Amino acid sequence: MDQAVFQTLTDTLSADPNVRMAAELRLKELQSMPEYPLSLCKLTLTRECNISQRHSAVVLLKSYIDQQWSPKSLKFRGPEPSPEIKAVVRGQILTGLSDPTNRIRASCAFVVSKIAHLDWPDSWPELFDVLLGHLKTGSADEVHGSMRVLAEFVSKDITHVQLPRIVPVLFPELLRILMSEQTYSHATRSRCVSIFRSAVDMLYAMKEEHPEAVKEYLSPIFSQWNDAFITILNKRTTDDPEIEVAEWGLKVDIIKCINLSIQGFPKLTSSYILPVLSTVWQEILYLRPKYIAENIATNGDISGFSFQDSDGDNIGFESLLLVQFEFIQIACRRRKLTQSVFTGNDGHPGILDELVWNALSYMQMTDDQAETWNADPNQFIADEDADSFTHHVRNAAQDVLAALVEHYESQTLIALSQSIHRDITTSMADKASGKDYWWKAQESSLLAVGLMASYLCESIKRGTPSPIDVGALFDHLVLVNLSEHTLPFLQGRSFVFASQFAPILPLNLAAQYVSAAVEAILKAPSAVVKVSALKALNNFNRHLDKQYIAPYQRSIIQGVAPLVQITSEETLILIFRTLTTTAKIDDQIAAEFETILGPIALESWAKYHADACMSGETMDFFDTLAANAIMNPLLNNRAIPVLCNAITPDNPDRATISAAVQLLRSLIRGGPSPLPAGYVAQFFPSLMAVLLSIDDRDVLQNGQECLKILIQKDVRQVAEWRDAASGKTGLDLLIQFIAKLLDPSQTESAALFVGDLVSKLITKGDNLVTPILPDLLRAVTIRLADAKLPSFIQPLVMVFAHLCLNQHETVINFLDTVNVRGQNGLQIVLTAWLLNHADFQGLYHQKVSALALTKVFTSGDPRVAAIQVKGDMILTENSRRTTRSTARKAPNQYTIVSAPVKIVKLLCADLITRIEEENHSGEFDDDESEEDDDEYDGESDAEDRKDWKGSKNHDKSVLLSDILGDDGNDYYDGAEEGDDELEEIDPDILSDPVYQTNLKKFLVDFFRSQLHSPGLVQCISELNDTEKQTLSGLLEN
């Protein structure tokens, strides 16, 4: 068997493809034989064989473990080896941990880790003791191999159950190895730190469920490890480049561990922050000249050292700088502990001034970046984006500067001004002496000030003296650098900088900068300059009044539109953003270019609608064109035939259908109301054929949104359309679609917006829905009986909430007649409403719900009072600290209260929330409120909505009393899906008086009017202390 496996493996490495193919087929036959894993082990461990054969054997062994070792494996397909074979393999592969060849040793460690994941501790209980023995008495190679296993072991397999056995014996050995620098390599010592970091991470994850674990296992050893960390961080080798780089690798792991520890256990680490900050600061100072010489001021003739550790990982001081900068940001947030270090005290200067200057140095563009970005503008945009996934020293230094401004604003801005002056002076001297890199300091200075543009603009507008002389930067740098055609990055940065300060530019200068940016897009030979000019135009469009951009709108479109065909990825995103903002400047001018912009919009949609990054940009662009009232008819003529070709049941690409429905919605939203005659007939048959025959979630959701807009624009044209073949009207098909969505067999996520659709139909349908309204409300009630998702329940409840605003008695009477499998309709709706009201999303929805509940409460209807729902949670000792497992065993218990009591509780909670928001509005947490554990919430208080001075006209509404036999008044329509931004777009919401209601004032008036009513008096005894205090406060005032 051994010989067969050896020969087969040898043949898989053959240059002859026929021999390789035959060998691979033979391997599949050998895999089913019991001795196969033993032969792979032997071949892996036979040092006389060449490395390629041994490595092939261990790779096959790893695959065997995945597929045949145990049914616990996700990739298991069998047959499983016998326990005896497993025992032999486990024993043999452990010997590979001491193999002198790093490649084989690392692979054997990986195999041991895979087996351990499946077998330890039940089938391999002795493994940990063996590995621990290796650490204590093994050779350096054996220790290294075992450390690789333990790294996987601790991060993936150890739980709180094994901690008592593992921590007391393992971590002293790891600490011993970490401090034995003469015996073990830096890579092995780094493994010790990595294992310790995994343990810290694990303890943090379990500290809520097992708080005793931290106190018992981490606290006793933490000080020893941190003392060791500080000792190593303070050591620096300067006479041996290879050892110096290896030290950097070890320090990287140590600082990663410290950063994690501070964030996870701030109190435990508080005494170590200052010593670490001191050594990190010294390292940043030490590395700066080296970083500048090797990456920035090279003149093309110096290259830095690059080494690999024993695990094959590239290491260098850039990685060290990244984690050090992360630590600096963490230290900034611990202001109570570190303020004296940053800003100084007792006459001793702090590090802040020099730290800002160093940050500027590290923000300079490296030679590699300049070369890469010149060759690839897409990479330039991706790397320089504020949300870039690329992490390099340049953007890490920007993060440090931002953190300093956040926590030490005035001092940092003063230091930044001084540093910029210092760097510009040096830059001018370098330029005079002919140094090619002179421009980099100026570029980083403009970059740094640009990061503060929003703050500085507001400060200058207020007339507050600014520590940074922005005007001088324009006079002496920006205007000059716009002409530096041979330095595209400096020229481009100057364009972007000018646009960042557009809000405070003199209007004549602003126009000149816009003109220069347009000219750069049209004529600049450098892609970097074009990209920067695009960024600038986006900023100008955002910050300047349209009148200053309008003269260039045609030129921008003419210059930018052709770029769509010759660029890709990140550059294309920037181009679409520019076109989108430019198209909004003047509708008449934009409409002149429909023959250019329309095809771009449709072609880009067809090409990118499935692209996660591009689809949003192309959709925004199309939305902008569709919203242009002048362009909308032209775009409709171009787009509707294309979209109808996509919106068909025969189209197997559901994603394309869904995206096409989205575009159709945009076209309808941008059209007039009512819609042009014959408009609906162009697409309605195709749309309804798809919606009634397809169950794709995205298609159905977009279909509901599309129909809602269509109903809002022209429900009568929908109702008047008739299918020639079936004779069904548009309203018939609409009701058929709603019935499909409300059917219990339909998923809630697919029918997420059906409640909004129903509300819109009732509001706009007038007497068109009169015959079917009772059945429609009955269907909503039936669906609500089994609804689970809060986001699905809310719009269904809103159907009744809107009606209750002025027709609550009619609604109560109607629901009392509905029976759903023996359950009363009033019970169903009120239970769902009251249990979900507190979680309703969207300010408008919250107001509608609260106002409607006051109507239900004041009705005093005994049928409402008879309904029982969950009240407050009953707090027990167990409920104060609950985990998912304990929650399943002992679910939370609640009091049971009547519906009127629950309504009062909910409205009290709403009032308390509004009062708190009003009291805290405009207040921001600062560093002085920092708790000792540095765990604070960045909570953003909601602001009162501004009163809208819009139209007060309302659509004529159908009266429930006309249908269900009672008196009533006008009622109000529902909203979009709870998003405040969407609410602002819906004219029905903006014109609704409910939207403009001050909820706090309304609730105060309501409670005061009801304080002595029998209904509220009966409820007061069942309120909690906070609720009683709220009502008592109203009485006193």
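The accessible surface of the protein, computed from a predicted model, comes to about 45,800 Å². Carbon and sulfur atoms account for 50% of that surface. Of the 1037 residues, 53% count as buried. The secondary structure consists of 53 helices and six strands. Among contacts between residues at least 6 apart in sequence, 74% join residues at least 24 apart.

**Two helix pairs**

Two packed helices are described by the angle between their axes and the distance between the axes. The table gives these values for two pairs.

| Helix pair | Residues | Axis distance | Crossing angle | Handedness |
|---|---|---|---|---|
| α7 and α9 | 127-137 and 163-178 | within 10 Å | roughly 25 degrees | left-handed |
| α21 and α22 | 409-432 and 439-451 | within 9 Å | roughly 160 degrees | left-handed |

The axes of α7 and α9 cross at roughly 25 degrees. Because angles under 35 degrees count as roughly parallel, α7 is roughly parallel to α9. On the α7 side, the contact is made by F128, D129, L132, L135 and K136. Helix α9 contributes R165, I166, V169, L170, E173, L174, R176 and I177. By class, this contact has eight nonpolar and five charged residues, with no polar ones.

For α21 and α22 the axes cross at roughly 160 degrees. Angles over 145 degrees count as roughly antiparallel, and therefore this label applies to α21 and α22. In α21 the residues that meet α22 are L416, I420, D423, I424, S427 and M428. Their counterparts in α22 are A441, Q442, S445, A448 and V449. The contact of α21 with α22 divides into seven nonpolar residues, three polar residues and one charged residue.

**Helix α17**

Helix α17 spans residues 352-362 and is mostly covered, with nine of its 11 residues buried. The buried residues are L352, L355, V356, W357, N358, A359, L360, S361 and Y362.

Technical notes. Residues are numbered from 1 along each chain as its sequence is written. This is a predicted model: local features need pLDDT of at least 70, side-chain atom pairs count only at pLDDT 80 or more; totals for chains, interfaces and linings use all residues. Side-chain values use heavy atoms; hydrogens and water are left out. Helices (H or I, at least four residues) and strands (E, at least two) are DSSP runs, numbered from the N terminus. Buried means under 20% relative accessible area, exposed over 50%, partly exposed in between (1.4 Å probe, protein chains only). Contact means heavy atoms within 4.5 Å. Accessible areas come from the Shrake-Rupley method with a 1.4 Å probe; for residues, only the protein chains shown count as cover. Axes are lines fitted to C-alpha atoms, for helices over the stretch in contact, and angles run from 0 to 180 degrees between N-to-C directions. Angles under 35 degrees count as roughly parallel, over 145 as roughly antiparallel, 65 to 115 as roughly perpendicular and the rest as oblique. A crossing is left-handed if the near helix is turned anticlockwise from the far one by less than a right angle, and right-handed if clockwise. Ala, Val, Leu, Ile, Met, Phe, Trp, Tyr, Cys and Pro count as nonpolar, Asp, Glu, Lys and Arg as charged, and the others, Gly among them, as polar.
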